[in-house]
Amino acid sequence: MHPFTSIQVVVLFNLLFLWCPKVVESQVYNPQSKPARALDATLQGYAYRAFLHPRTGIPFDGIIPPYLTGIQVSAMRLRSGSLFHRGVQTFKEFRIPVGLREQPYVERLVMVYHNLGNWTTTYYTLPGYTYLAPVLGLLAYNGSDLSATNLPELDMWASDEAIIIKFGRITAIPDGLVAKCVWFDLHGQVNFTNLESGNECWTFEQGHFSIVVENDSPTVPAPREPVPPAPPEAPAPSSRTKRNDSMVWAMVGSISGGIALLVLLGLLILWAWRYKKRKRMRELERAADAGEALRMTRVGSMRAPFALSTRTMPNIEHDFSV
């Protein structure tokens, strides 16, 4: 392999700079990454339960249990080919450009949106920084089975343009401080990028995003302990469901009884046929035993039965010429 020339190195560096967002600093620090990942799995289940009558390209808002009040979740089912060629103009605060790819490839995928609201500092603690906006999340899952839970995320990235997160009204930026975009990836890494005009953050990958500002003093209030998310509760069976179940069981019982009756009828017919056959054989045997007994005579050294006369005399023709 030939080494790169200086011109090739410069070209590769420029391409990498144009593709990646402008990162100010990066650090691996998120002590709440495990509870946050557990929360992602829980919200995925509640988001999928919103697809009562799924339609492609239409967002459906999920219903959150009372112990997670303040969190918003929504889901949108899309075709991978359509997403790559058309993108999504608006999905909550996100604008998804064309050229979005996922790995592994699936025919249908589901975009799940999070808005953690007042739970932001519980699951995404960031010492030394103050949040100016709630944490927003965008994750991609396989959309072939809408009843699945605890699904792993698909690897998703934008190949051409960046995904834009347009935050609405945020807390006023304190004088003399610079607001930054923060991105929490799925591996617990925290990345900071420049805040674009119009309170926009850019990214090429999925994850959770917000706007923060660095504190003047190093002391920060201790975050409250995160509540471990519970699995989605199974919906209570309605009276209509119970009535349908009873009808199903009645149909199953009727079909089983009918099959058993047919089997018994077949066995009865088979027994009658065999009985009639055995009776016929006995009659034939009795008829054979009741026939005329033949007398015995000696022929040489052995005895053999013989008839005294022929019952039916043959007609012999005598009218023939000599």
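Lysine 180 sits in strand E12, which spans residues 179–184. The model is predicted. Lysine 180 counts as buried, because its relative accessibility is 14% and buried means under 20%. Its C-alpha atom is separated by 5.3 Å from that of asparagine 194, 14 residues apart along the chain.

**Helix H5 and the annotated span**

- Helix H5 runs over residues 239–289 and contains arginine 278.
- An unreviewed UniProt entry annotates residues 247–273 as "transmembrane region".
- In the model, residues 247–273 are 100% helix and 0% strand.
- The end C-alpha atoms of residues 247–273 lie 39 Å apart.

**Surface patches**

- Ile255, Ile259, Val263, Leu264 and Leu267 make up a nonpolar patch on the surface.
- Together these five side chains' residues, Ile255, Ile259, Val263, Leu264 and Leu267, have about 500 Å² of accessible area.
- Leucine 267 belongs to helix H5.
- Leucine 267 is exposed, because its relative accessible area is 53% and exposed means over 50%.
- A patch of positive charge on the surface gathers Arg274, Lys277, Arg278, Lys279, Arg282 and Arg286.

**Salt bridges**

- How many salt bridges does a search of the whole structure find? The search finds six.
- Arginine 37 and glutamate 153 meet through their side chains, with N to O at 2.8 Å.
- Arginine 37 lies in helix H2 (residues 33–48), and glutamate 153 in the loop between strand E9 (136–142) and strand E10 (155–158), so this pair ties together parts that are 116 residues apart in sequence.
- Arginine 37 is partly exposed, with 29% relative accessible area.
- Arg37, Asp40 and Glu153 are linked in a salt-bridge network.
- Glutamate 200 and lysine 166 form a salt bridge at 3.8 Å, N to O.
- This pair links distant parts of the chain, 34 residues apart: glutamate 200 is in strand E14 (residues 200–203) and lysine 166 in strand E11 (residues 163–166).
- Glutamate 283 forms a salt bridge with arginine 280, and their closest N and O atoms are 3.7 Å apart.
- Both glutamate 283 and arginine 280 lie in helix H5, three residues apart, or about one turn of the helix.
- Glutamate 283 is partly exposed, at 33% relative accessible area.

**Backbone details**

- Glutamine 103 and proline 104 are joined by a cis peptide bond, with omega of about 0 degrees.
- Proline 104 falls in the loop between strand E6 (100–103) and strand E7 (108–115).
- Lysine 92 is not a glycine, yet has a positive phi of about 60 degrees.
- The loop between strand E4 (88–91) and strand E5 (94–96) holds lysine 92.
- Lysine 92 is partly exposed, with a relative accessible area of 38%.
- Asparagine 150 is not a glycine either, and has a positive phi of about 55 degrees.
- Asparagine 150 is in the loop between E9 and E10, where glutamate 153 is also found.
- Asparagine 150 counts as exposed, at 60% relative accessibility.

Definitions and conventions
Residues numbered from 1 in each chain as written. Predicted model: local features only at pLDDT ≥ 70, side-chain atom pairs only at ≥ 80, totals over all residues. Heavy atoms only, no water. Patch = residues over 30% accessible without salt bridge, like charges linked within 9 Å, V, L, I, M, F, W, Y side chains within 5 Å. Areas by Shrake-Rupley, 256 points an atom, 1.4 Å probe, with all protein chains shown as cover. Salt bridge = Lys/Arg side-chain N within 4 Å of Asp/Glu carboxyl O. Lys, Arg positive; Asp, Glu negative; His and termini not counted. Charge placed at Lys NZ, Arg CZ, Asp CG, Glu CD. Helix = DSSP H or I, 4+ residues; strand = E, 2+ residues; numbered from the N terminus. UniProt positions renumbered as here; feature names shortened; annotations may be inferred. Buried < 20%, exposed > 50% of the residue type's maximum accessible area, 1.4 Å probe, protein only.
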